[in-house]
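Here's a quick briefing to read with the model open beside you. Take a look at the fold, then work through the notes by topic.

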Amino acid sequence: MEREETLLSRRAFAGMLGAGATYAALNPKILGANQPELMPLKSGAGVVRLSANENPYGPSQPAIKAMKDAFSLAWRYPDEYADALVETIARLHSVGREQVILGDGSGEILKLCASAFTNSSKKVVLAEPTFEAIMRYAAASGGEALKVALTQDYRHDLAKMLDASSDAGLIYICNPNNPTGTITLKEDVRAFLGKLPQTVAVLVDEAYYHYAETNDYESVIPLISEHSNLIVARTFSKIYGMAGLRCGYAVAQASAIKSLREHQVWDNVNIMAVVAANASLDDSKHVEDGRRVNSETKRFLYNELERLGFKYIPSQTNFMMIDLRRDARPLIAAMKGRGVEVGRFFPALPNFMRVTIGRRSEMQAFLSAFRELIQSNVNA
Ligand SMILES: Cc1ncc(COP(=O)(O)O)c(C=O)c1O
(Lines give C-alpha, C1' and ligand atoms only; values in the text may rest on other atoms or scores of the structure.)
Protein backbone atom coordinates (compact mmCIF):
# COMPACT_ATOMS: atom_id res chain seq x y z
CA MET A 1 0.00 0.00 0.00
CA GLU A 2 1.11 3.51 -0.77
CA ARG A 3 2.63 5.37 2.18
CA GLU A 4 -0.01 7.61 3.74
CA GLU A 5 0.81 11.02 2.33
CA THR A 6 -0.54 12.89 5.34
CA LEU A 7 2.30 11.75 7.57
CA LEU A 8 5.43 13.78 8.03
CA SER A 9 8.41 12.28 6.26
CA ARG A 10 10.96 10.61 8.51
CA ARG A 11 13.47 13.35 7.79
CA ALA A 12 10.96 16.09 8.59
CA PHE A 13 10.14 14.37 11.85
CA ALA A 14 13.83 13.99 12.75
CA GLY A 15 14.25 17.70 12.03
CA MET A 16 11.53 18.47 14.52
CA LEU A 17 13.47 16.86 17.35
CA GLY A 18 15.75 19.21 19.24
CA ALA A 19 15.60 22.97 19.32
CA GLY A 20 12.79 23.32 16.81
CA ALA A 21 10.57 20.64 18.29
CA THR A 22 8.38 22.92 20.39
CA TYR A 23 7.68 25.24 17.53
CA ALA A 24 7.12 22.43 15.07
CA ALA A 25 4.82 20.55 17.41
CA LEU A 26 2.64 23.60 17.82
CA ASN A 27 2.91 25.16 14.40
CA PRO A 28 -0.57 25.31 12.95
CA LYS A 29 0.97 24.34 9.62
CA ILE A 30 1.78 20.96 11.17
CA LEU A 31 -1.09 20.30 13.54
CA GLY A 32 -4.57 21.70 13.42
CA ALA A 33 -8.01 21.68 11.90
CA ASN A 34 -7.19 22.97 8.45
CA GLN A 35 -3.85 21.33 7.99
CA PRO A 36 -3.00 18.15 6.14
CA GLU A 37 -0.09 17.02 8.33
CA LEU A 38 -0.25 14.61 11.25
CA MET A 39 2.54 13.41 13.48
CA PRO A 40 3.65 9.83 12.84
CA LEU A 41 1.58 7.42 14.91
CA LYS A 42 2.97 4.93 17.39
CA SER A 43 1.24 2.17 15.46
CA GLY A 44 3.78 2.70 12.68
CA ALA A 45 4.57 4.91 9.74
CA GLY A 46 2.06 4.57 6.96
CA VAL A 47 -0.57 2.91 9.15
CA VAL A 48 -4.07 4.26 8.63
CA ARG A 49 -5.67 4.19 12.07
CA LEU A 50 -9.45 3.91 11.86
CA SER A 51 -9.80 1.89 15.05
CA ALA A 52 -10.31 4.32 17.95
CA ASN A 53 -12.91 6.85 16.75
CA GLU A 54 -10.38 9.65 16.96
CA ASN A 55 -10.87 12.97 15.21
CA PRO A 56 -8.07 13.37 12.65
CA TYR A 57 -8.58 17.14 12.34
CA GLY A 58 -7.22 17.69 15.84
CA PRO A 59 -7.81 20.53 18.28
CA SER A 60 -8.99 23.98 17.21
CA GLN A 61 -6.45 26.73 16.62
CA PRO A 62 -7.47 28.62 19.81
CA ALA A 63 -6.90 25.38 21.78
CA ILE A 64 -3.41 25.02 20.32
CA LYS A 65 -2.61 28.64 21.10
CA ALA A 66 -3.90 28.22 24.66
CA MET A 67 -1.60 25.23 25.19
CA LYS A 68 1.35 27.11 23.76
CA ASP A 69 0.65 30.02 26.10
CA ALA A 70 0.37 27.58 29.02
CA PHE A 71 3.86 26.10 28.60
CA SER A 72 5.17 28.59 31.13
CA LEU A 73 2.50 27.47 33.60
CA ALA A 74 3.61 23.85 33.72
CA TRP A 75 5.01 24.32 37.23
CA ARG A 76 1.60 25.29 38.63
CA TYR A 77 -1.13 22.95 39.86
CA PRO A 78 -4.10 23.26 37.54
CA ASP A 79 -6.79 24.15 40.12
CA GLU A 80 -7.43 27.79 39.14
CA TYR A 81 -7.52 26.90 35.45
CA ALA A 82 -9.72 23.89 36.14
CA ASP A 83 -12.08 26.19 38.07
CA ALA A 84 -12.24 28.47 35.03
CA LEU A 85 -13.11 25.51 32.80
CA VAL A 86 -15.81 24.37 35.23
CA GLU A 87 -17.21 27.90 35.10
CA THR A 88 -17.31 27.85 31.28
CA ILE A 89 -18.98 24.41 31.22
CA ALA A 90 -21.54 25.47 33.84
CA ARG A 91 -22.40 28.55 31.78
CA LEU A 92 -22.62 26.50 28.59
CA HIS A 93 -25.20 24.17 30.13
CA SER A 94 -26.93 26.76 32.34
CA VAL A 95 -26.16 24.86 35.56
CA GLY A 96 -24.34 25.72 38.79
CA ARG A 97 -20.58 25.14 39.14
CA GLU A 98 -21.27 22.55 41.82
CA GLN A 99 -23.07 20.53 39.13
CA VAL A 100 -19.92 19.96 37.05
CA ILE A 101 -16.97 17.62 37.60
CA LEU A 102 -13.94 17.30 35.30
CA GLY A 103 -12.53 13.92 34.31
CA ASP A 104 -9.19 12.71 33.01
CA GLY A 105 -11.09 11.93 29.81
CA SER A 106 -14.75 10.96 30.09
CA GLY A 107 -13.36 7.48 30.81
CA GLU A 108 -12.62 8.72 34.32
CA ILE A 109 -16.24 9.83 34.70
CA LEU A 110 -17.34 6.29 33.82
CA LYS A 111 -14.92 4.89 36.41
CA LEU A 112 -16.12 7.32 39.09
CA CYS A 113 -19.74 6.32 38.43
CA ALA A 114 -18.84 2.63 38.70
CA SER A 115 -16.97 3.26 41.98
CA ALA A 116 -19.74 5.40 43.46
CA PHE A 117 -22.81 3.41 42.42
CA THR A 118 -21.87 -0.26 41.98
CA ASN A 119 -20.66 -2.91 44.43
CA SER A 120 -21.16 -6.60 45.15
CA SER A 121 -24.90 -6.09 45.65
CA LYS A 122 -25.49 -3.30 43.09
CA LYS A 123 -25.09 -4.23 39.45
CA VAL A 124 -24.45 -2.16 36.38
CA VAL A 125 -27.01 -2.57 33.59
CA LEU A 126 -25.72 -1.87 30.09
CA ALA A 127 -26.55 -2.60 26.48
CA GLU A 128 -25.01 -5.36 24.38
CA PRO A 129 -23.07 -4.25 22.43
CA THR A 130 -22.01 -0.92 23.87
CA PHE A 131 -18.82 0.79 25.07
CA GLU A 132 -17.73 -1.86 27.58
CA ALA A 133 -15.35 0.17 29.77
CA ILE A 134 -17.99 0.70 32.46
CA MET A 135 -18.30 -3.07 32.88
CA ARG A 136 -14.60 -3.39 33.67
CA TYR A 137 -14.73 -0.48 36.09
CA ALA A 138 -17.77 -1.95 37.86
CA ALA A 139 -16.02 -5.32 38.14
CA ALA A 140 -13.23 -3.61 40.10
CA SER A 141 -15.84 -2.56 42.71
CA GLY A 142 -17.33 -6.07 42.74
CA GLY A 143 -20.29 -4.91 40.63
CA GLU A 144 -21.67 -7.50 38.23
CA ALA A 145 -22.81 -6.51 34.75
CA LEU A 146 -26.25 -7.22 33.42
CA LYS A 147 -26.30 -6.94 29.64
CA VAL A 148 -29.47 -6.16 27.70
CA ALA A 149 -29.40 -6.73 23.94
CA LEU A 150 -30.06 -3.74 21.70
CA THR A 151 -33.35 -3.77 19.81
CA GLN A 152 -33.55 -4.98 16.18
CA ASP A 153 -32.91 -1.42 15.03
CA TYR A 154 -29.87 -1.07 17.33
CA ARG A 155 -31.44 1.15 19.99
CA HIS A 156 -31.22 0.61 23.76
CA ASP A 157 -34.05 -1.66 24.86
CA LEU A 158 -35.12 0.65 27.66
CA ALA A 159 -38.15 -1.41 28.68
CA LYS A 160 -35.89 -4.42 29.35
CA MET A 161 -33.27 -2.22 31.01
CA LEU A 162 -35.96 -0.90 33.34
CA ASP A 163 -37.02 -4.47 34.18
CA ALA A 164 -33.38 -5.27 34.95
CA SER A 165 -32.97 -2.28 37.26
CA SER A 166 -34.34 -3.83 40.49
CA ASP A 167 -30.91 -4.91 41.79
CA ALA A 168 -28.91 -2.31 39.86
CA GLY A 169 -26.95 0.60 41.28
CA LEU A 170 -26.18 2.08 37.87
CA ILE A 171 -27.68 2.03 34.38
CA TYR A 172 -25.39 3.00 31.50
CA ILE A 173 -26.91 4.46 28.34
CA CYS A 174 -24.50 5.27 25.55
CA ASN A 175 -26.30 7.70 23.26
CA PRO A 176 -25.26 7.76 20.44
CA ASN A 177 -24.08 4.20 21.01
CA ASN A 178 -20.58 2.87 20.40
CA PRO A 179 -20.05 0.57 18.43
CA THR A 180 -23.31 0.75 16.44
CA GLY A 181 -23.33 4.53 15.84
CA THR A 182 -27.08 4.55 16.46
CA ILE A 183 -29.20 6.73 18.72
CA THR A 184 -31.92 5.89 21.20
CA LEU A 185 -34.98 8.07 20.56
CA LYS A 186 -35.35 11.17 22.70
CA GLU A 187 -38.93 10.42 23.71
CA ASP A 188 -37.94 6.90 24.80
CA VAL A 189 -35.09 8.22 26.96
CA ARG A 190 -37.38 10.84 28.51
CA ALA A 191 -40.05 8.22 29.31
CA PHE A 192 -37.42 5.87 30.75
CA LEU A 193 -36.03 8.56 33.05
CA GLY A 194 -39.57 9.28 34.23
CA LYS A 195 -40.09 5.62 35.22
CA LEU A 196 -36.69 4.72 36.68
CA PRO A 197 -36.65 4.92 40.51
CA GLN A 198 -34.45 7.84 41.57
CA THR A 199 -32.54 5.45 43.83
CA VAL A 200 -30.83 3.96 40.75
CA ALA A 201 -28.19 6.17 39.14
CA VAL A 202 -28.28 6.51 35.36
CA LEU A 203 -25.24 7.58 33.37
CA VAL A 204 -25.96 8.85 29.87
CA ASP A 205 -22.72 8.89 27.89
CA GLU A 206 -22.89 11.63 25.23
CA ALA A 207 -19.33 11.24 23.90
CA TYR A 208 -20.61 11.48 20.29
CA TYR A 209 -23.35 14.04 20.93
CA HIS A 210 -22.00 16.60 18.43
CA TYR A 211 -22.04 14.21 15.49
CA ALA A 212 -25.74 13.32 15.74
CA GLU A 213 -27.73 14.81 12.87
CA THR A 214 -31.27 13.63 13.51
CA ASN A 215 -34.10 15.47 15.26
CA ASP A 216 -35.01 12.19 16.97
CA TYR A 217 -32.02 12.74 19.23
CA GLU A 218 -31.40 15.15 22.10
CA SER A 219 -28.99 15.70 24.93
CA VAL A 220 -30.50 14.94 28.33
CA ILE A 221 -28.50 17.64 30.12
CA PRO A 222 -31.61 19.89 30.31
CA LEU A 223 -33.44 17.06 32.15
CA ILE A 224 -30.94 17.00 35.03
CA SER A 225 -32.99 19.50 37.04
CA GLU A 226 -35.85 16.95 37.14
CA HIS A 227 -33.78 13.84 37.93
CA SER A 228 -31.42 13.65 40.92
CA ASN A 229 -30.14 10.26 39.66
CA LEU A 230 -29.13 11.45 36.17
CA ILE A 231 -25.45 11.98 35.28
CA VAL A 232 -24.38 13.01 31.78
CA ALA A 233 -20.83 12.46 30.52
CA ARG A 234 -19.19 14.49 27.75
CA THR A 235 -15.67 14.41 26.31
CA PHE A 236 -13.14 16.63 24.55
CA SER A 237 -11.74 13.56 22.77
CA LYS A 238 -14.14 13.41 19.84
CA ILE A 239 -15.47 16.54 18.08
CA TYR A 240 -12.90 18.71 19.91
CA GLY A 241 -10.06 16.50 18.62
CA MET A 242 -8.21 16.19 21.93
CA ALA A 243 -8.14 12.44 22.65
CA GLY A 244 -4.45 12.51 23.57
CA LEU A 245 -4.88 15.35 26.04
CA ARG A 246 -7.46 13.56 28.26
CA CYS A 247 -10.31 15.77 29.36
CA GLY A 248 -13.98 15.08 29.86
CA TYR A 249 -16.67 16.09 32.29
CA ALA A 250 -19.98 15.18 33.87
CA VAL A 251 -23.02 17.30 34.62
CA ALA A 252 -25.54 16.23 37.28
CA GLN A 253 -27.30 17.53 40.36
CA ALA A 254 -24.88 18.70 43.06
CA SER A 255 -25.54 15.67 45.31
CA ALA A 256 -24.53 13.21 42.56
CA ILE A 257 -21.42 15.25 41.71
CA LYS A 258 -20.47 15.17 45.40
CA SER A 259 -20.72 11.36 45.42
CA LEU A 260 -18.43 11.17 42.37
CA ARG A 261 -15.90 13.63 43.82
CA GLU A 262 -15.33 11.37 46.84
CA HIS A 263 -13.72 8.81 44.51
CA GLN A 264 -11.60 11.24 42.56
CA VAL A 265 -7.90 12.04 42.60
CA TRP A 266 -7.19 15.72 43.30
CA ASP A 267 -5.91 17.83 40.40
CA ASN A 268 -6.83 15.05 37.98
CA VAL A 269 -6.73 16.97 34.68
CA ASN A 270 -3.44 18.44 33.50
CA ILE A 271 -3.11 22.15 32.83
CA MET A 272 -2.58 21.79 29.04
CA ALA A 273 -5.79 19.81 28.65
CA VAL A 274 -7.70 22.26 30.84
CA VAL A 275 -6.70 25.41 28.94
CA ALA A 276 -7.18 23.71 25.55
CA ALA A 277 -10.64 22.48 26.56
CA ASN A 278 -11.65 25.93 27.75
CA ALA A 279 -10.51 27.55 24.50
CA SER A 280 -12.28 24.84 22.44
CA LEU A 281 -15.63 25.72 23.95
CA ASP A 282 -15.32 29.21 22.48
CA ASP A 283 -14.76 27.94 18.95
CA SER A 284 -18.16 26.82 17.70
CA LYS A 285 -17.00 27.00 14.08
CA HIS A 286 -14.48 24.23 14.72
CA VAL A 287 -17.34 22.05 15.96
CA GLU A 288 -19.56 22.89 12.97
CA ASP A 289 -16.73 22.28 10.51
CA GLY A 290 -15.84 18.98 12.19
CA ARG A 291 -19.44 17.80 12.04
CA ARG A 292 -19.84 18.82 8.39
CA VAL A 293 -16.59 17.24 7.15
CA ASN A 294 -17.37 14.05 9.09
CA SER A 295 -20.83 13.92 7.58
CA GLU A 296 -19.54 14.48 4.02
CA THR A 297 -16.83 11.85 4.38
CA LYS A 298 -19.33 9.40 5.88
CA ARG A 299 -21.66 9.92 2.92
CA PHE A 300 -18.77 9.31 0.54
CA LEU A 301 -18.12 6.01 2.32
CA TYR A 302 -21.82 5.08 2.26
CA ASN A 303 -21.90 5.58 -1.53
CA GLU A 304 -18.76 3.56 -2.13
CA LEU A 305 -20.01 0.71 0.06
CA GLU A 306 -23.35 0.69 -1.74
CA ARG A 307 -21.52 0.47 -5.07
CA LEU A 308 -19.67 -2.53 -3.71
CA GLY A 309 -22.98 -4.08 -2.62
CA PHE A 310 -22.43 -3.81 1.14
CA LYS A 311 -25.03 -2.86 3.72
CA TYR A 312 -24.16 -0.83 6.80
CA ILE A 313 -25.83 0.61 9.87
CA PRO A 314 -26.52 4.32 9.18
CA SER A 315 -24.45 6.21 11.72
CA GLN A 316 -24.97 9.32 13.85
CA THR A 317 -21.31 9.37 14.85
CA ASN A 318 -17.75 9.52 13.49
CA PHE A 319 -17.63 5.75 12.93
CA MET A 320 -19.85 3.17 11.30
CA MET A 321 -20.57 -0.54 11.21
CA ILE A 322 -20.32 -2.41 7.91
CA ASP A 323 -22.16 -5.69 7.46
CA LEU A 324 -19.66 -8.14 5.96
CA ARG A 325 -22.24 -10.97 5.87
CA ARG A 326 -19.59 -13.27 7.34
CA ASP A 327 -17.28 -13.51 10.35
CA ALA A 328 -15.54 -10.13 10.59
CA ARG A 329 -12.38 -11.43 12.27
CA PRO A 330 -10.38 -12.57 9.23
CA LEU A 331 -11.08 -9.31 7.41
CA ILE A 332 -10.18 -7.17 10.45
CA ALA A 333 -6.85 -9.03 10.63
CA ALA A 334 -6.28 -8.84 6.87
CA MET A 335 -6.97 -5.09 6.84
CA LYS A 336 -4.33 -4.70 9.54
CA GLY A 337 -1.94 -6.66 7.37
CA ARG A 338 -2.54 -4.05 4.66
CA GLY A 339 -1.79 -1.18 7.05
CA VAL A 340 -5.39 -0.23 7.83
CA GLU A 341 -6.43 -0.63 11.46
CA VAL A 342 -10.19 -0.90 11.96
CA GLY A 343 -12.24 -1.42 15.13
CA ARG A 344 -11.91 -4.51 17.27
CA PHE A 345 -14.23 -7.52 16.93
CA PHE A 346 -17.61 -7.21 18.67
CA PRO A 347 -18.90 -10.70 19.55
CA ALA A 348 -22.54 -9.50 19.73
CA LEU A 349 -22.34 -8.37 16.09
CA PRO A 350 -19.91 -10.93 14.67
CA ASN A 351 -20.46 -10.03 11.01
CA PHE A 352 -19.83 -6.32 11.41
CA MET A 353 -16.65 -4.31 11.09
CA ARG A 354 -16.42 -0.91 12.82
CA VAL A 355 -14.60 1.78 10.90
CA THR A 356 -13.77 5.28 12.12
CA ILE A 357 -14.53 8.08 9.67
CA GLY A 358 -11.09 9.58 9.07
CA ARG A 359 -9.94 12.01 6.41
CA ARG A 360 -11.04 11.45 2.83
CA SER A 361 -7.54 10.18 1.93
CA GLU A 362 -7.69 7.68 4.79
CA MET A 363 -11.08 6.43 3.64
CA GLN A 364 -9.69 6.01 0.15
CA ALA A 365 -6.83 3.94 1.59
CA PHE A 366 -9.42 1.96 3.55
CA LEU A 367 -11.52 1.37 0.43
CA SER A 368 -8.64 0.26 -1.73
CA ALA A 369 -7.53 -2.33 0.87
CA PHE A 370 -11.15 -3.38 1.46
CA ARG A 371 -11.85 -3.81 -2.28
CA GLU A 372 -8.73 -5.90 -2.81
CA LEU A 373 -9.52 -8.16 0.11
CA ILE A 374 -13.14 -8.61 -0.87
CA GLN A 375 -12.11 -9.46 -4.41
CA SER A 376 -9.53 -11.95 -3.21
CA ASN A 377 -12.25 -13.39 -0.96
CA VAL A 378 -10.14 -13.32 2.16
CA ASN A 379 -12.52 -15.50 4.17
CA ALA A 380 -12.60 -18.35 1.71
C1 LIG B 1 -18.90 5.99 24.20
C2 LIG B 1 -17.58 6.37 24.74
N3 LIG B 1 -17.51 6.89 25.97
C4 LIG B 1 -16.34 7.25 26.51
C5 LIG B 1 -15.16 7.11 25.82
C6 LIG B 1 -13.89 7.48 26.50
O7 LIG B 1 -13.40 8.63 25.92
P8 LIG B 1 -12.39 9.59 26.65
O9 LIG B 1 -11.93 8.95 27.92
O10 LIG B 1 -11.30 9.80 25.68
O11 LIG B 1 -13.18 10.85 26.94
C12 LIG B 1 -15.18 6.57 24.53
C13 LIG B 1 -13.93 6.39 23.78
O14 LIG B 1 -13.88 5.99 22.65
C15 LIG B 1 -16.41 6.19 23.97
O16 LIG B 1 -16.52 5.66 22.76
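Let's start with helix α4 (residues 79-92): its 14 residues reach 20 Å from the first C-alpha to the last, close to the 20 Å expected at 1.5 Å a residue. That expected span is 1.5 Å times one less than the number of residues in the helix. Keep in mind that this is a predicted model, where local features need pLDDT of at least 70, side-chain atom pairs count only at pLDDT 80 or more, and totals for chains, interfaces and linings use all residues. Residues are numbered from 1 along each chain as its sequence is written.

- Tyr81, Ala82, Leu85 and Ile89 are the buried residues to look for in α4 (buried means 20 or more other C-beta atoms within 10 Å of the residue's own, exposed means 12 or fewer, and partly exposed is in between, with C-beta atoms placed from the backbone).
- They sit on the same side of α4 because they cover an arc of only 100° around the axis, the arc being that of the directions from the helix axis to the C-beta atoms.
- What covers the buried residues of α4? The cover includes β2 (100-103), β8 (248-252) and α10 (271-280).
- Just past the end of α4, Ser94 has a positive phi of about 55°.

**The chain as a whole**

- There are 13 helices and 12 strands in the chain; helices (H or I, at least four residues) and strands (E, at least two) are DSSP runs, numbered from the N terminus.
- Of the 380 residues in the chain, 45% are buried.
- Among contacts in the chain with a separation of 6 or more, 75% are between residues 24 or more positions apart (a contact means that the C-beta atoms, placed from the backbone, lie within 7 Å).

**Helix α5**

- Helix α5 (residues 106-117) has 12 residues, which should span 16 Å at 1.5 Å a residue, and its end C-alpha atoms are 17 Å apart, which agrees.
- Why is α5 described as largely enclosed by the rest of the structure? Because 10 of its 12 residues are buried.
- The buried set in α5 includes Glu108 and Lys111, along with Ile109, Leu110, Leu112 and Phe117.

- Strand β7 (residues 230-235) is mostly covered, with six of its six residues buried.
- In a regular strand, side chains alternate between the two faces of the sheet.
- In β7, both faces are covered: Leu230, Val232 and Arg234 are buried on one side, and Ile231, Ala233 and Thr235 on the other.
- Strand β6 (residues 201-205) runs parallel to β7, and four bridges join them (strands pair if DSSP finds at least two bridges between them).
- Val204 has Val232 in β7 as its bridge partner.
- β7 and β8 run antiparallel and are joined by five bridges, with Ile231 opposite Ala252 in β8.

**Strand β3 and its neighbours**

- Strand β3 (residues 123-128) is largely enclosed by the rest of the structure, because five of its six residues are buried.
- β3 pairs with β5 in the parallel sense over three bridges, and Val125 has Ile171 in β5 as its bridge partner.

**Around the ligand**

- How many residues surround the ligand? There are 13, and the closest are Gly105, Ser106, Gly107, Thr235 and Ser237 (the cut-off is a C-beta atom, placed from the backbone, within 6 Å of the molecule).
- By class, that shell has four nonpolar, eight polar and one charged residues; Ala, Val, Leu, Ile, Met, Phe, Trp, Tyr, Cys and Pro count as nonpolar, Asp, Glu, Lys and Arg as charged, and the others, Gly among them, as polar.

**Two buried loop residues**

- Thr184 lies in the loop between β5 (168-174) and α8 (186-195), and it counts as buried because it has 25 C-beta neighbours inside 10 Å.
- Not counting residues up to four places away in sequence, Thr184 touches Arg155, His156, Leu158, Ile173, Asn175 and Val189.
- Pro56 is in the loop between β1 (48-49) and α3 (61-70), and is buried, with 21 other C-beta atoms within 10 Å.
- Pro56 and Gly290 are 234 residues apart in sequence, with 9.6 Å between their C-alpha atoms.
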